[in-house]
Amino acid sequence: MTIQWFPGHMTKARRQIQEKLKLIDLVIELIDARLPLSSRNPMIDEILQGKPRMIVMNKADLADPAVSQEWIVYFKEQGHAALQVDAQTGTGIKDIPVQAKLLLKEKIDRQLAKGINPRAIRALIVGIPNVGKSTLINRMAGRNIAATGDRPGVTKAQQWIKIGEIELLDTPGILWPKFEDQNVGYRLAVTGAIKEEILNVEDVAFFGVKYLVQYYWDTMAERYGLTEKPQDIENPNEIVEVMEAVGRKRGCIVSGGHVDLEKASLVILRDLRAGKLGRLTLESPY
């Protein structure tokens, strides 16, 4: 299955971002801590033209903490400030304005030296769909001022939002026109960044289960009461057998006693996205 999704409003958002860059002091790039590289839009580097950047790893509560630390080190090696947050609970949110001031310290110090009272920091917040931008903004503001939803593509237009010493420019989530690596598309699909209606959920669940079997078998086995770990994860039949075993455990049975693989796939994907399969990360930097 080839995964592509680039609605028209995303093309418009890219153009609008480029038009607003001259007003921006800092870029806050929000990514999913469970897939830090796959949830970064490679077009962003080109679009942002070297603006100071802070990478905020959201949904850190769902990610493997050991792997998240590896990603923090990786991004710092790339020259970017990086921190972890959980926008749902507010964990780590207070670090964002602190880090913003550190990134712009030289500019602020120059203004103060000239007797200029620094204005509010103007920050552009960018990220792919469903990474939690609106939830983060609402948490920072302490009130619901940005629309949120459990599906990608809720934010459709840009808006300026004043939050303390920061003025945030919210933007719609932007995916890129073509995934050169289909594994990137599958990782995004597994975590819900791509609309489920356009996907083959069995293919997506197959990808997720294969990864879980390889790296997080114990938590998966405990969740679903599984006992026999596949010996050859490259054998598609063995992965399908795991999916069927989950389906039987969860009552996804149709007439004739067969497993409804689509229902079983939905069970697995929803459990994974909700963190019911434990804290996991779908890719490593090293």
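A nonpolar core is a set of buried Ala, Val, Leu, Ile, Met, Phe, Trp, Tyr and Cys residues joined through side-chain atoms within 4.5 Å. Buried means under 20% relative accessible area, exposed over 50%, and partly exposed in between, with a 1.4 Å probe and protein chains only.

Ground rules next. This is a predicted model, where local features need pLDDT of at least 70 and side-chain atom pairs need pLDDT 80 or more, while totals for chains, interfaces and linings use all residues. Numbering starts from 1 along each chain as its sequence is written, and side-chain values use heavy atoms, with hydrogens and water left out.

So, the core. The largest one has 63 residues. Ile28, Ile96, Leu136, Leu168, Met220 and Leu226 touch the most other members. Helix H8, residues 201-215, gives the largest share, eight residues. Helices (H or I, at least four residues) and strands (E, at least two) are DSSP runs, numbered from the N terminus. Apart from this core lies another, of twelve residues, including Ala33, Ile55, Ile72 and Phe75.

Take Ile96. Leaving aside neighbours within four places in sequence, Ile96 is in contact (heavy atoms within 4.5 Å) with Ile28, Met54, Val56, Leu83, Val85, Leu136 and Met140.

Met54 and Val56 bring us to strand E2. Six of the six residues of E2 are buried, so the strand is largely enclosed by the rest of the structure. Arg53, Ile55 and Met57 point one way; Met54, Val56 and Asn58 point the other way. In a regular strand the side chains alternate between the two faces of the sheet.

What pairs with E2? Ile31 stands opposite Met57. Four bridges join E2 to strand E3, residues 81-84, again parallel. There, Val56 has Leu83 as its bridge partner. The chain crosses from E2 through H3 to E3, and this β-α-β crossover is right-handed. E1, helix H2 (residues 43-48) and E2 also make a right-handed β-α-β unit. Right-handed means that, with the strands pointing away from the viewer, the path from the first strand over the helix to the second runs clockwise.

Lys59 lies in the loop between strand E2 (53-58) and helix H3 (65-77). Lys59 is buried, yet has no salt bridge. A salt bridge is a side-chain nitrogen of Lys or Arg within 4 Å of a carboxyl oxygen of Asp or Glu. Which side chain of opposite charge is nearest to Lys59? Asp32, 4.3 Å away. Lys and Arg count as positive, Asp and Glu as negative; His and the chain ends are not counted. Beyond four places in sequence, the contacts of Lys59 include Asp32, Asp86 and Asn130.

How many salt bridges does the structure hold? Eleven. Lys101 and Glu165 form one, with closest N and O atoms 2.7 Å apart. Lys101 sits in helix H4, Glu165 in the loop between strands E5 and E6, 64 residues apart. Lys101 is partly exposed at 36%; Glu165 is exposed at 52%.

Asp109 and Lys105 form another, also with 2.7 Å between the closest N and O atoms. Both lie in helix H5, four residues apart, about one turn.

Finally, Arg122 and Glu167 meet at 3.5 Å, N to O. Arg122 is in strand E4 and Glu167 in strand E6, so the pair ties together parts 45 residues apart in sequence. Salt bridges that share partners also join Asp25, Lys107 and Arg119 into one network.

Notes
Pairing = 2+ DSSP bridges.
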